[in-house]
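Dear colleague,

Please find below the sequence and structure that I am handing over to you. A short account of the findings follows.

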Amino acid sequence: MVDLAVSGPIARPSQWRAGFARGGPRLWIGVGLVGFFVLIALLAPLLAPHDPIEQDLLSAQLPPAWMQGGEVTFPLGTDSLGRCVLSRLMYAARTAIAVALIAASLAAIIGIAFGLIAGMFGGWIDQVVSRLIDVWMAFPPVLLSIVLAAVIGAGLTSVIAAIVVVDWTRFARVVRAETMVQLQRDYASAARALGLSRGQILRLEILPNLVPLIVTLFAVEMGIAILVEVILSFVGISVAGDVATWGGMIVEGRQVIYQAPWIMAFPIGCVILSVIGFNLLGDGLRAALDPVQRR
Amino acid sequence: MRWGEIIRRLVLIPPTLFGVCIIVFVLLRVVPGDPIAMMIPPGASAADIDRLRAFYGLDQSIPQQFITWFGQALSGNFGRSISLHQSVFELVLARLPATLELSAMATLIAVGLGTVVAFTGVYVRGRGAEWAIDGGIGVFLAIPDFLWALILLLLFGVLIPLLPITGRIDPQLDVTFHTNFYLIESLLTGRLDVASALLQHMILPAVALALPFAALVARILKASLSEAEDQDYAQIARARGFSRPAILLREVFPNALIPTVALGGVQITLLLGGTVLVERIFSYEGIGNMAIDAVINRDFPLIQGLILTFAILFIALNLAVDLLVTLLDPRLRHG
């Protein structure tokens with residue numbers, strides 16, 4: 001009987017394989033896309049043909065190599081300051097993945113904490129957290145992140161803070177609701193009957209069952225973080241000019257959209273592919289980790 | 001959602017709005033960057049600056065400023081814009097119709113498109129085409145409105161220059177409007193040339209806003225339709241010899257509508273929030289575009305007024321959706 005309370009599901013290799021099979025092509029494509037960008041982010045200094053901030057004004061706004069007037073040394077062309085677009089895209093992937101990881105982790109920690117506490121204790125604590133979430137949901141998220149970033153000032157910290165403050169509710173809402181559902185289940189009642197404290201029930205029983213949900217949300221949140229960086233770039237409160245970010249590149253490209261549309265097109269492509277990657281990864285993981293919720 | 005629940009929600013509106021006001025107010029007051037410094041001409045004396053500061057109430061403590069602002073706001077006075085030197089209420093009121101027309105157009109496109117895709121998806125259920133439709137929905141759902149705006153801008157503004165990409169209407173078009181609902185007004189007064197010019201400017205931002213929402217409508221409606229079609233009543237109708245399209249439209253659709261409105265309706269707020277950036281990208285003169293300018297200019301009164309406007313719209317939309325669901329669902333209506 002004692003074992004019942006503490007033994008969690010142990011993943012064996014065969015279960016991993018089964019999970020991957022359940023995830024289907026979504027999971028594979030998601031893993032592939034995200035893996036691709038993570039790899040580029042890690043290896044950017046080795047892969048990039050140029051220094052991302054090295055300016056060459058004589059070869060500014062060069063088109064990609066396969067277009068007329070392109071040069072092989074700049075495979076995807078150059079921007080208005082003659083910086084290599086491909087190298088900047090690679091270094092921007094670094095920034096994007098780093099921001100996404102940090103921001104999503106912080107949002108997850110804060111949101112999960114609030115959600116668990118509200119779901120577990122109910123009563124006035126739940127009321128306070130729920131009202132707080134209500135107030136948050138009444139804000140237009142884009143506007144809130146812009147105002148926040150303006151408060152903190154430009155820089156990566158500002159981008160991360162904006163994402164965390166705006167998006168902790170995403171985790172809090174889901175975790176709160178799911179904690180309440182799990183608490184109704186027999187295993188939670190059994191744990192209570194065994195005399196486990198609330199903290200123990202949360203840690204040993206509820207939390208492990210929330211993992212699939214949290215992992216899914218986390219992947220989606222990383223995609224959102226990449227988008228928020230682009231949003232903030234549009235208002236000119238993302239990072240300083242010499243740090244390459246996809247959002248910054250899009251905004252710079254917007255200014256020369258008629259002369260050199262490719263400058264804007266490539267970072268848009270990167271943002272789209274990475275966001276789709278994170279979404280597919282989230283979808284696939286949900287299916288892989290939790291057969292009950294499989295669609 | 002029963003009537004009691006709706007009353008409970010109504011009661012919760014004032015405290016929610018109050019919370020929004022406090023958060024915005026405090027956030028703005030810790031912003032680095034002085035709105036007064038951005039509006040004074042060079043060479044203004046310290047006394048002039050102090051006088052301006054006092055005029056906008058910025059010399060008082062934050063709680064004092066809040067009480068003053070809140071008291072005035074209750075009587076409909078939301079202060080004066082620091083950067084535009086006009087009443088915030090009038091500024092927002094003048095720009096709001098542009099955003100409402102754009103959002104309404106986007107919602108229409110999204111609902112139409114989403115419904116068509118959902119029906120197509122259900123109709124080809126179990127075949128390879130369904131897989132393709134699901135994949136497409138997933139992609140359209142993942143890419144947010146402002147990225148669509150950029151893609152459409154590149155495609156139809158630059159590569160194939162079909163449509164105008166800035167503003168709400170051509171500046172050279174000589175028309176005077178009596179209201180700010182340009183599109184509705186021009187349609188009502190029969191100025192079809194003006195209406196078509198307005199539509200040309202509106203179509204790209206509206207489609208950009210509509211695409212992710214259409215995907216959402218399609219996903220929810222398709223799932224609800226599939227579920228409803230598996231129910232006994234649909235099977236019985238099938239057995240009685242009704243054609244599949246007839247069953248889908250007449251038997252299954254009304255039942256699938258309720259969850260779609262309930263789940264999808266709430267997300268209209270996302271579409272509305274999306275106007276901020278999409279309007280910016282297309283230089284469309286609505287409140288979203290205005291909000292970004294207000295943040296850049298540190299125009300406190302205007303930002304407060306705009307965020308409050310968005311918050312009221314969000315809450316009103318949520319409530320409207322709940323009401324609609326209650327009206328649609330006989331179980332809740334009599335519950």
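**Salt bridges**

E101(B) and R168(B) form a salt bridge in which the closest N and O atoms are 3.0 Å apart; the term denotes a side-chain nitrogen of Lys or Arg within 4 Å of a carboxyl oxygen of Asp or Glu. E101(B) belongs to helix 4 (residues 88–123) of chain B, while R168(B) sits in the loop between helix 6 (145–159) and helix 7 (182–188) of chain B, so the pair ties together parts that are 67 residues apart in sequence. Helices (H or I, at least four residues) are DSSP runs numbered from the N terminus. Both E101(B) and R168(B) are buried, where buried means under 20% relative accessible area, exposed over 50%, and partly exposed in between (1.4 Å probe, protein chains only).

Before going further, please note that this is a predicted model, in which local features need pLDDT of at least 70 and side-chain atom pairs count only at pLDDT 80 or more, whereas totals for chains, interfaces and linings use all residues. Residues are numbered from 1 along each chain as its sequence is written, chains are lettered from A and ligands numbered from 1 in the order in which they are written, and side-chain values use heavy atoms, with hydrogens and water left out.

Over all chains, the whole structure contains 14 salt bridges. One of them joins the side chains of D167(A) and R170(A), at 3.3 Å from N to O. These two residues lie 3 residues apart in helix 6 (residues 156–184) of chain A, about one turn of the helix. D167(A) is buried, at 9% relative accessible area, whereas R170(A) is partly exposed, at 25%.

In chain B, R191(B) and D193(B) also meet in a salt bridge, again with 3.3 Å from N to O. R191(B) is partly exposed at 36% relative accessibility, and D193(B) is partly exposed at 46%. A network of salt bridges links R125(B), E229(B), D230(B) and R244(B).

**Nonpolar cores**

A nonpolar core is a set of buried Ala, Val, Leu, Ile, Met, Phe, Trp, Tyr and Cys residues joined through side-chain atoms within 4.5 Å. The largest has 157 residues, and I146(A), W246(A), I268(A), V271(A) and L147(B) have the most contacts inside it. Helix 8 (residues 192–229) of chain B gives the most to this core, with 15 residues. Leaving aside neighbours within four places in sequence, I268(A) is in contact (heavy atoms within 4.5 Å) with I250(A), L147(B), L150(B), I151(B) and L154(B). Another core, of 17 residues, lies apart from the largest one and includes A108(A), I112(A), I201(A) and I214(A).

**A residue of chain B**

G274(B) is placed in helix 11 (residues 268–281) of chain B and is buried, at 5% relative accessibility. Apart from neighbours within four places in sequence, G274(B) is in contact with D145(B) and L209(B). Between G274(B) and P171(B) there are 25 Å in space, C-alpha to C-alpha, and the two are 103 residues apart in sequence.

With kind regards
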